Amino acid sequence: MIKVLVAGAGGRMGGRLISLITESKSLQLAGAIEKKGHPAIGRDAGEVAGGQRQDIPITDDLTVLAEKADVLIEFTAPEATLAHIEIMAGHKKAMVIGTTGLSAEQVSGLKTKTKEMPCVFAPNMSVGVTLMLKVIAEMARRLGDDYDVEVLEAHHRLKKDAPSGTALRIAQVLAEATGKDLSQVAAYGRQGMIGERKR
């Protein structure tokens, strides 16, 4: 059994991950983490996820749990992800990171730190999106500068970062495929940790 920790356990993605882990025959929920002050702290992770009680209280202290697990799954915020990498790397434990909204500098730091540990880092875990990135790179190379590119995206109002990690990765792939530096050619309508949209 692979012992799994879930960061962001009180959120939508964290709850879904907990549900999937508890249904799995090869995974075991070893712990659940949330940020300090979150209302889910102290509550049962399974119940917060909308399922059966797991007798695993959500905590705000990853250091206590890191040694008890094999991997941390992380879909949170940039600052939390970077703090969690330090802890997991210190224990030589693996991470799966799907956090978006990291700056280029933060991604560079993440890549440096994760050389010390097993890590999967992807702004989108979808097989379809991964295949699309390959296809659009080839299209961009073949079509060249005669074609203008615009990446449009739509999300639920709770999405806090813009562009999303997926949209940013699409733009990076297109820029790289045409020999351009994205930081020099990109124009953004919305950029940064802009927060949730109002109702």
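A residue is called buried when its relative accessible area is under 20%, exposed when that area is over 50%, and partly exposed in between. The structure described here is a predicted model. The protein contains 8 helices and 8 strands, and buried residues account for 36% of its 199 residues.

**Overall form**
- The C-alpha trace spans about 60 × 40 × 30 Å along its principal axes.
- The accessible surface comes to about 11,900 Å², and carbon and sulfur atoms supply 53% of that surface.
- Of the contacts with a separation of 6 or more, 64% are between residues 24 or more positions apart.

**Charges**
- The protein carries 26 positive and 24 negative side chains.
- The centres of these two sets lie 3 Å apart.
- Across the whole structure, 9 salt bridges are found.

**The salt bridge between Asp145 and Lys180**
- Asp145 and Lys180 form a salt bridge in which the closest N and O atoms are 2.4 Å apart.
- Asp145 sits in the loop between helix 6 and strand 7 (161-162), while Lys180 sits in the loop between helix 7 (165-177) and helix 8 (182-185), so the pair ties together parts that are 35 residues apart in sequence.
- Lys180 has a relative accessibility of 30%, so Lys180 counts as partly exposed.
- Asp145 has a relative accessibility of 61% and therefore counts as exposed.

**The salt bridge between Glu176 and Arg169**
- The side chains of Glu176 and Arg169 also meet in a salt bridge, at 4.0 Å from N to O.
- Glu176 is exposed because its relative accessibility is 54%.
- Arg169, at 29% relative accessibility, counts as partly exposed.

**A network of salt bridges**
- Glu47, Arg53 and Asp55 are joined in a network of salt bridges.
- Asp55 counts as exposed, with 59% relative accessibility.

- Leu131, Val135, Met139, Leu143 and Tyr147 make a nonpolar surface patch of about 490 Å².
- One of these residues, Leu143, belongs to helix 6, which covers residues 127-143.
- Leu143 has a relative accessible area of 38%, so this residue is partly exposed.
- A residue can join a patch only with over 30% relative accessible area, and Leu143 has 38%.

How values were computed:
Residues are numbered from 1 along each chain as its sequence is written. This is a predicted model: local features need pLDDT of at least 70, side-chain atom pairs count only at pLDDT 80 or more; totals for chains, interfaces and linings use all residues. Side-chain values use heavy atoms; hydrogens and water are left out. Patches are made of residues with over 30% relative accessible area and no salt bridge: like charges are joined within 9 Å, nonpolar side chains (Val, Leu, Ile, Met, Phe, Trp, Tyr) within 5 Å. Accessible areas come from the Shrake-Rupley method with a 1.4 Å probe; for residues, only the protein chains shown count as cover. Helices (H or I, at least four residues) and strands (E, at least two) are DSSP runs, numbered from the N terminus. Buried means under 20% relative accessible area, exposed over 50%, partly exposed in between (1.4 Å probe, protein chains only). Contact means heavy atoms within 4.5 Å. Lys and Arg count as positive and Asp and Glu as negative; His and the chain ends are not counted. The place of a charge is taken as NZ of Lys, CZ of Arg, CG of Asp or CD of Glu.
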